[in-house]
Amino acid sequence: MPDFSRPEGPKIVSIANQKGGVGKTTTAINLAAALVEEGMRVLVVDLDPQGNASTGLGIALDDREFTTYELLLEDIDLHDVILKTQTDGLMIVPATVDLSSADLELLTNEKRSFLLHDALRQTQMDEFDLDFILIDCPPSLNLLTVNAMIASHSVLIPLQSEFFALEGLSQLMLTIREVRQSGNKDLRIEGVVLTMYDRRNNLSQQVEQDARDNLGDLVFKTMIPRNVRVSEAPSFAIPVLSYDSASKGAVAYRALAREVIQNNNIREPEVADVG
Ligand code: ADP
Ligand code: MG
């Protein structure tokens, strides 16, 4: 296990891409589970009103009394909003459709872009002894996603291995640049991960080539294969690592976790002091 002493608090990573269906939520859930297997304590923040990460991690709608909405907009005890999942060491702040109105409500708040940043840096947070916080962003570059990026040390971008994959990436990069200028100057790009990769498919290979040509080292070596076990796991409300530990999807997410941990080891300490 790598040396992972972290006096500066958890590493916070936004999982973002304004396109829907590219594997953000799947990556949030399974990267989190894989980091936990590496001995980390991980919190997933569900920032999508669809609440797919919450469902995928087994949080029933009835159990979502306090959610990301309250975390952002109400003064709430973290113990009430951070829930345990079936996986030891893996926690979640769930979301419900309530969050869909937050984007508008944030507009009139003078701290509108910094609410998540501030919420995740309450001193009470220390008690949870987290190593990572992964934020599952909505499929949009709205104020919720900006909150995520302002709160984060880095952005991890899932890219679906299909036609038009790189389209829209420049807009995402622009948003990252704007966030750097408006309060989080040290925001990094954790990396771009190709998802739903099918190595027998020429199109997947073409997308990979394009991504590596254009983005170079930003692209993770690990690619997540298209794997039916990955798509089945959410209906059992557990990560694929628990559902089918030996599946290709589980193996790939473990490899991705190790790459992320390696990245983390080269992070300069001052990056933690954002805002
Ligand atoms: P997003 O959060 O970006 O909208 P999801 O993670 O919800 O995307 O994934 C979209 C759909 O693709 C889901 O039905 C999910 O189960 C499926 N999916 C994601 N990754 C894989 C994969 N590696 N193999 C097979 N299906 C996948
Ligand atoms: Mg999603």
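Around ligand 1 sit 18 residues, with Lys24, Thr25, Thr26, Val230 and Ser231 the closest; a residue counts as near if its C-beta atom, placed from the backbone, lies within 6 Å of the molecule. All of this comes from a predicted model, where local features need pLDDT of at least 70 and side-chain atom pairs count only at pLDDT 80 or more, while totals for chains, interfaces and linings use all residues. Residues are numbered from 1 along each chain as its sequence is written, and chains are lettered from A and ligands numbered from 1 in the order in which they are written.

Helix H1 (24-37) and helix H10 (228-232) each put at least two residues into that shell, with H1 giving the largest share, three residues. Helices (H or I, at least four residues) and strands (E, at least two) are DSSP runs, numbered from the N terminus. Sorted by class, the shell holds six nonpolar, ten polar and two charged residues; here Ala, Val, Leu, Ile, Met, Phe, Trp, Tyr, Cys and Pro count as nonpolar, Asp, Glu, Lys and Arg as charged, and the others, Gly among them, as polar.

Now for the sheet. It is open and mixed, with seven strands running E3-E4-E2-E5-E1-E6-E7; two strands pair if DSSP finds at least two bridges between them. Strand E3 (83-84) and strand E7 (188-195) are the edges, each with a single partner strand, so one side of each has no neighbour in the sheet. Strand E2 (residues 42-46) and strand E5 (residues 132-136) pair in the parallel sense over five bridges, and Val42 has Phe132 of E5 as its bridge partner.

Helix H7 (residues 143-151) packs on the sheet, touching strand E1 (11-15), E5 and strand E6 (154-160), and its direction makes about 150° with that of E1. Contact means C-beta atoms, placed from the backbone, within 7 Å; axes are lines fitted to C-alpha atoms, for helices over the stretch in contact, with angles from 0 to 180 degrees between N-to-C directions.

As for confidence, the mean pLDDT (per-residue predictor confidence, from 0 to 100) of the protein chain is 92, and 93% of its residues reach 70 or more. Residues 1-6 stay under 50. The complex gets an ipTM of 0.99 and a pTM of 0.94 from the predictor.

Definitions and conventions:
Contact = placed C-beta atoms within 7 Å.
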